[in-house]
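Please read the following briefing alongside the sequence and the model. It takes up charged pairs, then the helical core, the sheet, the surface and the backbone.

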Amino acid sequence: NLPNTLVGLGDGGAHVDVSCDAGYTTYLLGHWVRERGVMSLEAAVKKITSEPADFLGFKDRGRITMGNAADIVVFDEASVGCAPKLEKANDLPGGLPRLMVRSQGVDYTIVNGSVAWENGVLTGARAGKVLRT
């Protein structure tokens with residue numbers, strides 16, 4: 001939990017055809033915060049929200065503040081984490097396979113004010129947009 005470090009991935013999707021490691025945020029919250037007690041929940045949330053937004057120069061992201069984009073994840077502190085096993089998904093173009101790990105304990109994901117994930121199901125909302133700094 002060093003103040004000069006960011007939590008994230010950095011291969012730009014180069015290995016998405018083999019593995020999707022996007023569950024690192026729920027792994028942080030479940031394993032390192034709840035199970036191991038390495039940092040507080042508040043510190044971990046800051047590590048995956050406002051700190052990367054500030055570093056990348058996104059002024060309207062990373063905090064729940066009037067005028068900011070309404071990007072919010074609602075999760076259960078007692079169950080958030082990653083599934084214990086990798087699974088094969090055939091969700092790449094052409095139905096090609098990859099390995100992924102599902103997140104657990106995430107009730108809602110709200111993107112730009114639209115509910116995109118609700119209780120384990122994609123809603124079909126497509127409110128996301130490409131961000132550029």
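Asp60 is partly exposed, because its relative accessible area is 31%, where buried means under 20% relative accessible area, exposed over 50% and partly exposed in between (1.4 Å probe, protein chains only). This residue forms a salt bridge with Arg61, the closest N and O atoms being 3.6 Å apart; a salt bridge is a side-chain nitrogen of Lys or Arg within 4 Å of a carboxyl oxygen of Asp or Glu. The model is predicted, so that local features need pLDDT of at least 70 and side-chain atom pairs count only at pLDDT 80 or more, while totals for chains, interfaces and linings use all residues. Residues are numbered from 1 along each chain as its sequence is written, and side-chain values use heavy atoms, with hydrogens and water left out.

**Salt bridges**

- The structure holds seven salt bridges, and, as a general point, side chains of opposite charge can pair when their charged atoms come close.
- Arg61, the partner of Asp60, counts as buried because its relative accessibility is 10%.
- Asp54 and Arg63 meet through their side chains in a salt bridge, at 2.8 Å from N to O; Asp54 is partly exposed at 43% relative accessibility, and Arg63 is also partly exposed, at 39%.
- A salt bridge of 2.7 Å, N to O, joins the side chains of Arg98 and Asp91, of which Arg98 counts as buried at 14% relative accessibility, whereas Asp91 is partly exposed at 43%.

- Helix H1 spans residues 24-35, and its buried residues are Thr26, Leu28, Leu29, Gly30, His31 and Val33; helices (H or I, at least four residues) and strands (E, at least two) are DSSP runs, numbered from the N terminus.
- The cover over the buried residues of H1 includes helix H2 (41-48) together with strands E2 (72-75), E3 (81-82), E6 (103-104) and E7 (106-111).
- The largest nonpolar core has eight residues, namely Leu28, Leu29, Val33, Met39, Leu41, Ala44, Val80 and Val106; such a core is a set of buried Ala, Val, Leu, Ile, Met, Phe, Trp, Tyr and Cys residues joined through side-chain atoms within 4.5 Å.
- H1 and H2 each supply at least two residues of this core, and the largest share, three residues, comes from H1.
- Leu41 is in contact (heavy atoms within 4.5 Å) with Leu29, Val33, Phe75 and Glu77, when residues up to four places away in sequence are not counted.
- In soluble globular proteins, nonpolar side chains tend to be buried together.

**The open sheet**

- Three strands form an open sheet with mixed pairing, in the order E1-E5-E4; two strands pair if DSSP finds at least two bridges between them.
- Strand E1 (19-20) and strand E4 (87-89) are the edge strands, each of which pairs on one side only.
- Strand E5 (residues 98-100) pairs with E1 in the parallel sense over two bridges, and Leu99 in E5 is the bridge partner of Ser19.

**Surface and loops**

- A nonpolar patch on the surface is formed by Leu6, Phe55 and Leu56, which together have about 320 Å² of accessible area; areas come from the Shrake-Rupley method with a 1.4 Å probe, and for residues only the protein chains shown count as cover.
- Patches are made of residues with over 30% relative accessible area and no salt bridge, like charges being joined within 9 Å and nonpolar side chains (Val, Leu, Ile, Met, Phe, Trp, Tyr) within 5 Å.
- Leu6 lies in the segment before E1 and counts as partly exposed at 43% relative accessibility.
- Asp21 is located in the loop between E1 and H1, where it is partly exposed at 46% relative accessibility; its C-alpha atom is separated by 13 Å from that of Gly81, a residue 60 residues apart from it along the chain.

**Positive phi angles**

- Gly37, which follows H1, has a positive phi near 65°.
- Asn112 has a positive phi near 50° although it is a residue other than glycine; it sits in the loop between E7 and strand E8 (114-118) and is partly exposed at 27% relative accessibility.
- Asn119, likewise not a glycine, has a positive phi of about 50°, lies in the loop between E8 and strand E9 (121-122), and is partly exposed with a relative accessible area of 49%.
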